[in-house]
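Please examine the sequence and the model shown below.

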Amino acid sequence: MQNPAFLDPGLHRRLVDGLYLEAMVMADEARAYFDGSASLDDGVDDPMRRVAFACESLKVTTRLMHIIAWLLSQRAWQRGEIEQIDLSDEKYRLGRASHTDAALAASFPFAARALIDASQELYGRVARLQDRIDVMGSAAATALASPARALLDRLNTAF
């Protein structure tokens, strides 16, 4: 299934390292914002909005932690700490994360909306990378199983 070995090792390392750095910076920004008292002073005074705001801060944190965990497993594979076959285990896959209701987020302060949007966008990029790695691994497995089938598939996509 998942097979980063079919990516150029240098490209895989740069992708993972870049995404990891971005996720860690965003996690630090989210922690500073949501833990700070300023976030509660930005017009979030209604008790129901405070609860919704707290739930959204947890969603942002969860998204970022899923991203970071997936990237750390990719780094562990790069360093040889886990085997290729282990990456197909669910515990090394990108965890599920809830999306934020856009209408609800619209009522939050700008900084909160920016963090919510950025975390969803980053999660989407990492999910697409995982999906692409899966597709590449499946295509490579098919090619190894049947070189003639792989050639036929390449011809079909070319025309």
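A residue is called buried under 20% relative accessible area, exposed over 50%, and partly exposed in between, as computed with a 1.4 Å probe on protein chains only. By this scale Glu 22, with a relative accessible area of 29%, is partly exposed. The model is predicted, so local features need pLDDT of at least 70 and side-chain atom pairs count only at pLDDT 80 or more, while totals for chains, interfaces and linings use all residues. Residues are numbered from 1 along each chain as its sequence is written, and side-chain values use heavy atoms, with hydrogens and water left out.

A salt bridge is a side-chain nitrogen of Lys or Arg within 4 Å of a carboxyl oxygen of Asp or Glu. Seven salt bridges are found in the whole structure. One of them joins the side chains of Arg 75 and Asp 17, at 3.3 Å from N to O. Arg 75 belongs to helix H3 (residues 47-78) and Asp 17 to helix H1 (residues 9-35), so this pair ties together parts 58 residues apart in sequence. Helices are DSSP runs (H or I, at least four residues), numbered from the N terminus. Asp 17 is partly exposed, at 31% relative accessibility.

Glu 22 forms a salt bridge with Arg 125, and their closest N and O atoms are 2.4 Å apart. Because Glu 22 lies in helix H1 and Arg 125 in helix H5 (residues 110-145), the pair ties together parts 103 residues apart in sequence. Arg 125 also meets Glu 121 in a salt bridge (2.9 Å, N to O).

Note on methods
Helices (H or I, at least four residues) and strands (E, at least two) are DSSP runs, numbered from the N terminus.
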